[in-house]
Amino acid sequence: MRRTLYRFRFSLSATHRSLPSSSCPYENGGSLPKASNSPATSSFSSNPRWVFTNSSLPPPEWVEPLNDVSEVISSSRDLEPSPWVAHILNILDGSSNMEANLDSFCKTFLIKLSPNFVAFVLRSVELRQKPETAMRFFYWAGKQKKYSHKLECYVSLIDLLSLCGELDCTRHVFCELKGMSFLMTISAANSFIKSFGSLGMVEELLWVWRQMKENGIEPSLYTYNFLMNGLVNSMFIESAERVFEVMENGKVAPDLVTYNTIIKGYCKSGNIQKALEKFRAMEMRNLQPDKITYMSLMQVCYSKEDFDTCLSLYHEMEEKGLEIPPHAYSLVIGGLCKCGKCMEGYAVFNDMIQKGCKANVAIYTALIDSYAKNGSMTEAIKLFKRMKNDGFEPDEVTYGVVVNGLCKNGRLEEAMEYFEYCRVKGMAVNPMFYSSLIDGLGKAGRLNEAQRLFEEMVDNGCPRDSYCYNALIDALAKSGNTDEALTLFKRMEDEGCDQTVYTYTILIDGLFKEHKNEEALKLWDMMIDKGITPTAASFRALSIGLCLSGKVARACKILDDLAPMGIIPETAFEDMINILCKAGRIKEACKLADGIVDRGREIPGRVRTVLINALRKAGNADLAIKLMHSKIGIGYDRMGSVKKRVKFRLLLDS
């Protein structure tokens, strides 16, 4: 059949990228256009050329992502991407007519994109942060005539989607993958396990694992590590433990990454003991922990307030000469500061500076706060000034710490100056500023100023929290204004602010001191009814109040009621004995001591010591010496076959 030829001019529309006429070798003997960076609006025109008519065009050519230069080189790693890749990537702009542009481009140049080409483009850097565009390209490619996606296409797309955190899209693509009946490969399995694991897709993770087993694929070290990481990220710690045990007893031994992963899992679940056991077990396998291992352990120890272990891990890193990250210094210094060891924290701070590691605002703030709480306000201010000289701009947290420290140390005028400075500078003044100042002013007896600050908070755009309420309630209660304190307590509830156990403790203590015993007991019952768990401090306030009002039995009954709740303040009885002795109620103190011994709550020696010290502090030295030289509380009287401990009440009778 004879082909008819025509001469005509043709041009690309504005939606296509212009292609220069120069060419490079093509695998089927044709030529490929070079990629162009010309604007989308440029057109393509040429001298009259002979082309086939639409009725007699040659079939479209499948294009591959890499140039075929097998006759020139021996290694596939030296292959360069085909120019078609750049042109296709130019068209993938995410616009509404992207698919139409792809159709037009492929039709104009008589090409079709092979599965290898599609997988290659999906792995490109240009699409790495464009999950929606990648999905559209994937589904457009699947509609080409006589085209079917290969397993590698799904691998590339799922990898891209997982890196972007697209959980729903990944699940959608996975559902399609399950119905394709592909033969799983080790590289695809590793990629899938890594992708699904990063998103916490455990069911999909296990599906890949089963596919490997069914296809007789032996997992590699990377496979195991990816699988464990996925299980740990999904908090399937027990499953990760079983995988680890399989590795320990199998052909593929765990490496540093494996140990770091299982240690990370234990740390995420808060199991410090097991994490440390695995950490020490690494030495048995001649595996040296790296900074990732130490950081995982240090972070969980810090979160659990196990600052001693955190510090010892830091010293281990020093001894081994490991690089200590800035965050490690923050954890160690922060832990020492929380323990009140500001001098030790400052020593680590200086060591950090000497090693060339820069401090940050958080580290300076922790040190300033620690010095302030230890009463070393002068040192705290020195650090604050050094921080500014070193080029660090204090934030509202730092200023809040300084204001709080000045208030606690009675330097209210300086605190007010810093407070005003922050307001003038437009810095966000948070409730911590106000609660510190209200507390300081209240303790200094400047109630009017404290109340004025409390009222102006909302006007300045700062909502009142429980700390601010508690600070003012405490000031009012301690100054004897319990009625005003109760009014504020009611207002606190009306405004929806949480009434904490500290709020109740303040009021109960204040009411007992004002001899409003029944009101104090009503507040205690209200606290219990609301499900607020009492603390040792709250029971101390109640028990002391009851003891001083002659209701020792009532205090003991309440203590018995707390026992089923798991709340047994360790020093409850000691506090009650002390307060009774100080009030001169020795008989009641002895009766209470006998009750303690009878209940077996405390060892008699401890009760004796408490009572002796209480008598001595109360100025009753004669009875204290008498008790020291007697057998009361530790000796026994035998009545027949029954031994009974000598009662404390004999102290007064003898």
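What share of the contacts in the protein chain with a separation of 6 or more comes from residues 24 or more positions apart? The share is 61%. This is a predicted model, and its protein chain holds 33 helices and eight strands. Of the 654 residues in the chain, 46% count as buried. Here is a friendly tour of some helices, loops and cysteines.

**Helices α1 and α2**

- Two packed helices are described by the angle between their axes and the distance between the axes.
- For helix α1 (residues 83-91) and helix α2 (residues 98-108), the angle is about 150° and the axes are 9 Å apart.
- That angle makes the pair roughly antiparallel, because the cut-off for this class is over 145 degrees.
- On the α1 side, Trp84, His87, Ile88 and Ile91 make the contact, and they meet Met98, Asn101, Leu102 and Phe105 of α2.
- Sorted by class, the residues in this contact of α1 with α2 are six nonpolar and two polar, with no charged ones.

**Helix α3, mostly covered**

- Helix α3 spans residues 115-122, and six of its eight residues are buried.
- The buried residues in α3 are Pro115, Phe117, Val118, Ala119, Val121 and Leu122.

- Most residues other than glycine have a negative phi, and most peptide bonds are trans.
- Lys146 has a phi near 55°, a positive value in a residue other than glycine.
- Look for Lys146 in the loop between α4 (131-141) and α5 (151-163), where Lys146 is exposed with a relative accessible area of 83%.
- Ser181 is not a glycine either, and its phi is positive at about 55°.
- The loop that holds Ser181 runs between α6 (167-178) and α7 (186-198), and at 68% relative accessibility Ser181 counts as exposed.

**Around helix α10**

- Is Ser234 buried or exposed? At 16% relative accessibility, Ser234 counts as buried.
- Ser234 sits in the loop between α9 (221-233) and α10 (237-249).
- Setting aside neighbours within four places in sequence, Ser234 is in contact with Gly200, Met201 and Val202.
- Ile237 has its place in helix α10, and at 10% relative accessibility Ile237 counts as buried.
- With neighbours within four places again left out, the contacts of Ile237 are Val232, Gly265, Tyr266 and Ser269.
- Ile237 and Lys264 are 27 residues apart along the chain, and their C-alpha atoms are separated by 9.8 Å.

**Helix α32**

- An α-helix has 3.6 residues a turn, so residues three or four places apart point the same way.
- Helix α32 covers residues 621-628, and its buried residues are Leu623, Ala624 and Leu627.
- Why do the buried residues of α32 line one face of the helix? Seen down the axis of α32, they fall within an arc of 105°, so they line one face.
- Met628 also lies in α32, but at 48% relative accessibility Met628 counts as partly exposed.
- Not counting residues up to four places away in sequence, Met628 touches Arg608 and Ile612.
- Between Met628 and Thr609, which are 19 residues apart along the chain, the C-alpha separation is 8.7 Å.

**Cysteines without a partner**

- A disulfide is a covalent bond between the sulfur atoms of two cysteines.
- How many disulfides does the structure hold? The number is zero.
- Cys301 is in no disulfide, and its nearest cysteine sulfur, that of Cys310, is 6.2 Å away.
- Cys301 is buried, with a relative accessible area of 0%.
- For Cys581, the closest cysteine sulfur is in Cys590, and at 7.0 Å this sulfur is too far for a bond.
- Cys581 counts as buried too, at 2% relative accessibility.

Technical notes. Residues are numbered from 1 along each chain as its sequence is written. This is a predicted model: local features need pLDDT of at least 70, side-chain atom pairs count only at pLDDT 80 or more; totals for chains, interfaces and linings use all residues. Side-chain values use heavy atoms; hydrogens and water are left out. Buried means under 20% relative accessible area, exposed over 50%, partly exposed in between (1.4 Å probe, protein chains only). Helices (H or I, at least four residues) and strands (E, at least two) are DSSP runs, numbered from the N terminus. The arc is that of the directions from the helix axis to the C-beta atoms. A disulfide is a pair of cysteine sulfur atoms within 2.5 Å. Axes are lines fitted to C-alpha atoms, for helices over the stretch in contact, and angles run from 0 to 180 degrees between N-to-C directions. Angles under 35 degrees count as roughly parallel, over 145 as roughly antiparallel, 65 to 115 as roughly perpendicular and the rest as oblique. Contact means heavy atoms within 4.5 Å. Ala, Val, Leu, Ile, Met, Phe, Trp, Tyr, Cys and Pro count as nonpolar, Asp, Glu, Lys and Arg as charged, and the others, Gly among them, as polar.
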